[in-house]
Amino acid sequence: MIKKEIYPKTQRVKCAGDKVYITEKLDGSNLVFFKKNDELYFAQRNNIFAFAELEDNKDKLYKGLYQWLKDYGEVIKGNLCEGSALCGEWLGMGKIKYTVDRFDRRWYMFAKANIDDDFNLYNLIYDHELFIYPFVDQVFPVFMGIVPEVGSYSVLPDKHFLDVLYDKYRTGEGRDVEGFVVNYKNIITKYVRMKNGKLAEHFDREN
């Protein structure tokens with residue numbers, strides 16, 4: 001006989017303290033900045049570019065990104081910690097058009113991370129309060145934005161909850177909203193209501 005308990009203990013559901021954080025899902029293009037071996041890189045779609053190669057790749061970049069990097073690239077490089085990554089959305093190429101009175105930045109951060117030697121992201125963190133830590137001086141740059149917060153809740157939202165919240169939020173903002181990103185214990189899921197610029201019902205992949 002072997003005296004050993006092999007099945008792990010199941011954690012109890014916490015009744016207090018856990019929060020669900022909901023942010024707006026922007027209709028942008030994914031754009032990641034990271035610093036590796038004292039070089040600034042940026043990743044868009046399936047390509048990773050070194051900032052030093054900016055001039056050679058200006059025709060391959062998102063609309064407006066070349067001049068934006070000319071203006072701010074050296075600042076990002078100088079103030080980004082080695083091995084740190086910034087994940088966000090580049091605005092201006094989606095179906096939803098954002099006005100400068102509400103969105104006066106071109107890039108909005110939704111996560112911080114680290115980069116390994118094979119250019120893979122790890123330690124993805126979606127907590128807005130921690131977004132200052134990839135920067136050497138721990139000050140968030142004025143030329144970058146952070147995705148808007150919708151709210152924090154003490155219950156896991158179902159589709160009905162999100163439908164009601166979406167209508168309320170969209171009405172309150174007075175503009176088109178693509179959807180939400182739901183963050184529970186640093187696990188994110190998306191709720192999408194605007195597809196190709198048109199309002200549609202949300203369905204998960206199982207439906």
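A salt bridge is defined here as a side-chain nitrogen of Lys or Arg within 4 Å of a carboxyl oxygen of Asp or Glu. The model is predicted: local features need pLDDT of at least 70, side-chain atom pairs count only at pLDDT 80 or more, and totals for chains, interfaces and linings use all residues. Residues are numbered from 1 along each chain as its sequence is written, and side-chain values use heavy atoms, with hydrogens and water left out.

**View 1. The salt bridge between Lys35 and Asp38**. A search of the whole structure finds 12 salt bridges; one of them links the side chains of Lys35 and Asp38, with an N to O distance of 3.7 Å. Lys35 has a relative accessible area of 8% and is buried (buried means under 20% relative accessible area, exposed over 50%, and partly exposed in between, with a 1.4 Å probe and protein chains only).

**View 2. Lys159 and Asp163 in helix α2**. The closest N and O atoms of this salt bridge, between Asp163 and Lys159, are 2.7 Å apart. Both residues belong to helix α2 (residues 159–173) and are 4 residues apart, about one turn of the helix; helices are DSSP runs of H or I with at least four residues, numbered from the N terminus. Asp163 is buried at 15% relative accessibility, whereas Lys159 is partly exposed at 34%.

**View 3. The salt bridge between Glu173 and Arg175**. Here the closest N and O atoms are 3.0 Å apart. Arg175 is buried, at 17% relative accessible area, while Glu173 is partly exposed, at 27%. Through salt bridges that share partners, Glu24, Arg102, Glu173 and Arg175 form one network.

Notes
Helix = DSSP H or I, 4+ residues; strand = E, 2+ residues; numbered from the N terminus.
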